[in-house]
Amino acid sequence: IVDGVGLDALMEVTPARLAYFEQVDFRPEYINAVAKETSRQCSLVSIPGKHHARRQLCCVTTGAKPNAGLANTLGVGQSTSTTSCAPGIVVMGAQKGGTTALHSYLMLYKQLKPSRKKELHIWDADRSFKNWSGTLLSNFKPQKHLGENLAFESTPSYLASTMACQRMATWLPPHTLYVMILRDPVKRFWSELQMKLRRVQQQDVTILSIMKNAQAIRECILNYPAKPDHPASTIEKLRTATLGTRNCIVMIFGPKGKVVGTPPKLAMLRRELESMKRGSDHSRRDDFLRCLDMDTADLDSLRQCFRKVKFLRESIPNVDTIFATEGQALESRCPASEEFEVEEARHVYSAISRSQASCDQLIQTSLCPECQNQYCLENCFESAEVRHALFKHGCNIDGRIAYPVRPLTGPSDCEGPTCKCYPNAANFADISKNFLWRGLYYPQLVTCLRHIPRHQLLIIENEELRVAPNATLNRILAAAGLPGMDFSTFSWDDANDAFDSLYPNFETVTGWSADGSSKTKIPDDVAQRLREFYREPNEKLFKLLGRRFDHWL
């Protein structure tokens with residue numbers, strides 16, 4: 001609650017907010033930092049629509065000839081076909097909250113351009129964040145006419161991550177709109193459980209297909225040893241043996257091979273087999289060969305065997321086990337009764353260096369208000385607490401570069417309730433381990449507010465999109481500064497067809513279903529247990545938002 005007003009009431013586009021964007025342009029420090037980080041020539045481009053003060057970050061892609069006018073207008077009168085733009089809208093969760101449905105609907109808006117891949121995992125996965133600029137820009141088609149389109153992406157695990165909000169606030173423009181779509185945590189939990197079961201069922205098909213081709217796989221592994229008994233100098237024989245290994249693996253697990261499975265799963269299996277053969281320790285390979293000798297009728301034992309050798313790892317989740325492990329861990333670290341202090345990012349440029357004048361003003365008005373002369377201010381400045389506060393707010397102290405404010409490299413850099421409640425979510429949250437955590441929206445939102453100003457966040461509820469999609473989608477467009485559109489002329493089938501045309505394998509790869517409602521009813525005792533688990537965190541969320549979702553209770 002800020003000045004007696006709920007968070008949700010402060011998320012609409014207002015004349016005052018638009019006037020702020022018109023008065024305050026991006027600081028040179030940001031563009032310089034992005035250019036240095038990305039090794040690209042970048043600038044800010046006004047987005048389509050009537051609110052041109054909102055901008056998206058656009059950069060010339062690697063290998064393109066630098067554009068002389070880019071810093072100002074990004075190539076007016078010159079070709080901009082090799083320029084890609086970062087997303088101006090990020091749908092960041094919650095998982096199984098309706099993010100894919102929302103993504104599908106937004107694809108119907110011609111000026112919104114989705115990412116090439118549905119879930120980028122740039123800001124929550126450490127391996128992707130190391131090259132965030134290359135991954136980000138390569139996943140959006142180059143724009144030939146800048147300012148006509150606005151890019152967007154959807155990765156539902158950003159909300160559950162301890163690091164994503166901090167990283168996005170640092171490197172994405174402060175004009176970026178972050179959309180959270182929340183769902184009754186009980187229904188969200190059960191929907192995720194059913195998606196997990198579908199993934200296990202798909203894995204079972206692959207397991208049985210592997211067992212059907214067990215003899216060919218065994219011969220492939222044993223007939224082409226990783227280290228053949230040839231002299232090391234016999235390069236041709238070594239090359240032949242290596243190629244033989246890869247060829248037989250591809251023949252079995254390749255796109256047109258004998259084993260059935262999704263392309264990403266088969267690619268992973270090819271890598272695992274090659275890893276078994278390259279390693280000097282053959283115990284894992286021998287354990288895998290023992291799996292191939294098992295009875296195919298005992299599917300549960302086969303799952304356990306393949307999981308033990310880290311070959312196929314999906315397992316059927318058990319509600320009691322989830323509460324006994326994850327539930328107890330969360331209760332001990334993050335008790336439901338705990339009230340978190342809401343430390344907000346007070347201004348748009350919370351992660352960007354401030355000017356010296358604004359830092360001086362911060363000292364005089366906020367940190368040392370009792371000082372009336374320069375001597376007092378200098379003594380106050382020497383205080384460790386004041387210096388830490390200045391650096392945290394983007395001021396340059398003793399030549400230390402304040403942008404970005406923190407290294408943002410791993411869990412040790414994390415701040416906020418999520419770091420305490422779920423430190424393992426520093427990397428992207430694992431679908432196999434985070435069933436309860438993903439529904440604890442209150443600590444997740446509190447952590448995001450430390451880095452993303454509240455006017456950049458738009459929170460909608462799943463039922464709003466389901467019952468009134470036209471009004472909900474236009475609310476998002478308005479928050480992004482885009483002209484409205486009548487979505488009532490489209491059906492869900494239109495949105496689903498648009499999604500399938502761009503992401504044809506998404507359903508089979510992830511276990512997601514176009515029909516988000518589970519056909520299996522949640523047992524009453526499980527539902528009651530979950531309602532009690534989420535009751536207090538939900539009440540705290542309602543208080544923070546200034547609105548209630550009583551149907552969750």
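Let's start with a network of salt bridges: Arg188, Glu192 and Arg438 are linked in one. Keep in mind as we go that this is a predicted model. Across the whole structure, a search turns up 19 salt bridges, and I'd like to walk you through a few of the pairs.

Take Arg284 and Glu272. Their side chains meet in a salt bridge, with N to O at 2.4 Å. Arg284 sits in helix 12, residues 283–292, while Glu272 belongs to helix 11, residues 263–278, so this pair ties together parts that are twelve residues apart in sequence. How covered are the two partners? Arg284 has a relative accessible area of 22%, so it is partly exposed. Glu272 comes out at 15% and counts as buried, because the cut-off for buried is under 20%.

Next, please find Glu119 and Lys118. These two form a salt bridge, and their closest N and O atoms are 3.5 Å apart. Is Lys118 buried or exposed? With a relative accessibility of 2%, Lys118 counts as buried. Glu119 is buried too, at 18%.

If you want to find Lys141 on the screen, look in the loop between helix 6, residues 132–138, and strand 6, residues 150–154. Lys141 has a relative accessibility of 59% and therefore counts as exposed, since exposed means over 50%.

As background, most residues other than glycine have a negative phi, and most peptide bonds are trans. With that in mind, go to the loop between strand 4, residues 89–91, and helix 4, residues 99–106, where you'll find Ala94. The peptide bond from Gly93 to Ala94 is cis, with omega near 5°.

Stay in that loop between strand 4 and helix 4, because Lys96 lies there, and Lys96 counts as buried at 9% relative accessibility. What is the phi of Lys96? It is positive, about 60°, although Lys96 is not a glycine.

His121 belongs in this part of the talk as well. Its phi is near 55°, again a positive value in a residue other than glycine. To locate His121, go to the loop between strand 5, residues 112–114, and helix 5, residues 126–129.

My last stop is a glycine. Gly416 is in the loop between helix 17, residues 384–392, and helix 18, residues 417–421. What does Gly416 touch, once we set aside its neighbours within four places in sequence? Gly416 is in contact with Thr447 and Arg450. There is also Val342 to look at: Gly416 and Val342 are 74 residues apart in sequence, and their C-alpha atoms are 9.3 Å apart in space.

That's my tour, and I'm happy to go back to any of these spots. Thanks, everyone!

Key:
Residues are numbered from 1 along each chain as its sequence is written. This is a predicted model: local features need pLDDT of at least 70, side-chain atom pairs count only at pLDDT 80 or more; totals for chains, interfaces and linings use all residues. Side-chain values use heavy atoms; hydrogens and water are left out. Helices (H or I, at least four residues) and strands (E, at least two) are DSSP runs, numbered from the N terminus. Buried means under 20% relative accessible area, exposed over 50%, partly exposed in between (1.4 Å probe, protein chains only). Contact means heavy atoms within 4.5 Å. A salt bridge is a side-chain nitrogen of Lys or Arg within 4 Å of a carboxyl oxygen of Asp or Glu.
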